[in-house]
Amino acid sequence: MRLLWSILLLFGMQPASAAEFTEPALAQGSETLTHGTLVVDGVVPASEISLELDGPMVQGGVVFGVTRPGSRLTQDDQPVPVSDAGDFVIGFDRQAPGESKLRVELPGGGSMERTLKIAQRTYAVERIDGLPQEKVTPAPALQQRIEREQALVKEARKLMDERTDYVKGFEWPVTGRISGVYGSQRILNGEPKWPHYGVDIVRSEGTPVAAPTDATVILVHPDMFYSGATLILDHGQGFSSTFLHLQKILVQEGQRVKRGEVVGLLGSSGRATGSHLDWRMNLRGKRVDPATVVGPMPEVQHAADRGI
């Protein structure tokens, strides 16, 4: 499959995401099946043109890639970390424009450029009522606490580790009914607020929550004003998962965790109306959609959660 990706990129074509890819023919009619521009500066042998992309070209999307080891990569003129093996990850935020420029400078001196076509999304409006009003519009006396907690999260996400834990792939940290989606505009107690940047998964209080892939624990906080018990896992190269509203966190900062390892218990701490996990992902300052790195939610009926 990777060979076919490389061939398509050589001729300036952009395949669909891995989930929409059907061998031996390329699925037609997909929103993410678009055409880009491949520009090769100088004389570069075809054997050295190596760029593989796997993921949805859509607002909020995360795309995993491989290029020739030793290459330098930029996305929209911003540097992208590339591992010694050539692995990298790029993404698009909620309001990403329709095009993104990817440039690769090869170790042999040549370069190539791709213009990625980014599908635009229409976001839902979610109304949530019944929240304590102090959680919707905090009193001025609480503002210092909120700003201090936001600074902790921002500082933790600055980590730029060379690890590439993300190459092992992702799985849902917990299965259940999805009650909130990425990008939706939230209206809380009738007041328009910031968009929702995570995926909300409903399960019973105390349900185990697992690491979606290998990671290093970079933030553990027992009680943030908005997000309650908050956990951040770093997957390498500035790519992280954040779990909000936990009942309990079972790991410590600096600890290494494996995919599927239980890291906490699902809860309703912070600003929440019921028991659920809010899973968010951040990629070097971009808030991206966790649903784009995993397959569909397994259709599992949990008896204790019927009717929630």
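The paragraphs below lead through this predicted model, from the whole chain to its cores, its aromatic rings and a few single residues.

The protein chain has 308 residues, of which 51% count as buried, and its secondary structure comes to 3 helices and 24 strands. Among the contacts in the chain with a separation of 6 or more, 67% are accounted for by residues 24 or more positions apart. The accessible surface comes to about 14600 Å², and 52% of that surface belongs to carbon and sulfur atoms.

In soluble globular proteins, nonpolar side chains tend to be buried together. Here the largest nonpolar core has 32 residues, and those with the most contacts inside it are Leu-231, Phe-239, Phe-243 and Val-293. At least two residues of this core are supplied by each of the strands β5 (62–67), β15 (198–202), β17 (215–224), β18 (228–234), β19 (239–246) and β23 (276–283), with the largest share, 4 residues, coming from β23. Apart from this core lies another, of 16 residues, which includes Leu-53, Val-63, Phe-88 and Leu-106. As for Phe-243, its contacts beyond the neighbours within four places in sequence include Pro-173, Val-209, Ala-210, Leu-231, Val-263 and Trp-279.

An open sheet of 3 strands runs in the order β16-β22-β20, with antiparallel pairing, and its edge strands, β16 (208–210) and β20 (248–249), each pair on one side only. Strands of a sheet pair through backbone hydrogen bonds, either parallel or antiparallel. Between β16 and strand β22 (residues 262–265) the antiparallel pairing extends over 3 bridges, and Ala-210 stands opposite Val-262 in β22.

Phe-64 lies in strand β5 and Phe-170 in the loop between α3 (143–156) and β12 (177–180), so that the pair links parts of the chain 106 residues apart. Both Phe-64 and Phe-170 are buried. The rings of Tyr-166 and Phe-239, by contrast, have their centres 6.4 Å apart and their planes at 65°, and this pair is therefore edge-to-face. Tyr-166 belongs to the loop between α3 and β12, while Phe-239 is in strand β19, 73 residues away, and both of these residues are buried as well. Ring pairs link Phe-64, Tyr-166, Phe-170 and Phe-239 into a cluster.

A few single residues complete the tour. Gln-75, in strand β6 (residues 72–75), counts as buried because its relative accessibility is 6%, below the 20% cut-off. Its side chain reaches the backbone oxygen of Gly-91 at 3.1 Å, and, leaving aside neighbours within four places in sequence, Gln-75 is also in contact with residues including Val-80, Phe-92, Leu-102 and Lys-286.

Most residues other than glycine have a negative phi. His-245, however, has a positive phi, near 65°; this residue is found in strand β19 and counts as buried at 5% relative accessibility. Arg-284 also has a positive phi, near 45°, but is found in the loop between β23 and β24 (286–288), where it counts as partly exposed at 24% relative accessibility.

Conventions. Residues numbered from 1 in each chain as written. Predicted model: local features only at pLDDT ≥ 70, side-chain atom pairs only at ≥ 80, totals over all residues. Heavy atoms only, no water. Buried < 20%, exposed > 50% of the residue type's maximum accessible area, 1.4 Å probe, protein only. Polar contact = N/O pair within 3.5 Å; in protein donor to acceptor, adjacent residues only side chain to side chain. Contact = heavy atoms within 4.5 Å. Pairing = 2+ DSSP bridges. Core = buried A, V, L, I, M, F, W, Y, C linked by side-chain atoms within 4.5 Å. Areas by Shrake-Rupley, 256 points an atom, 1.4 Å probe, with all protein chains shown as cover. Phe/Tyr/Trp six-rings, centres within 6.5 Å; stacked < 30°, edge-to-face > 60°.
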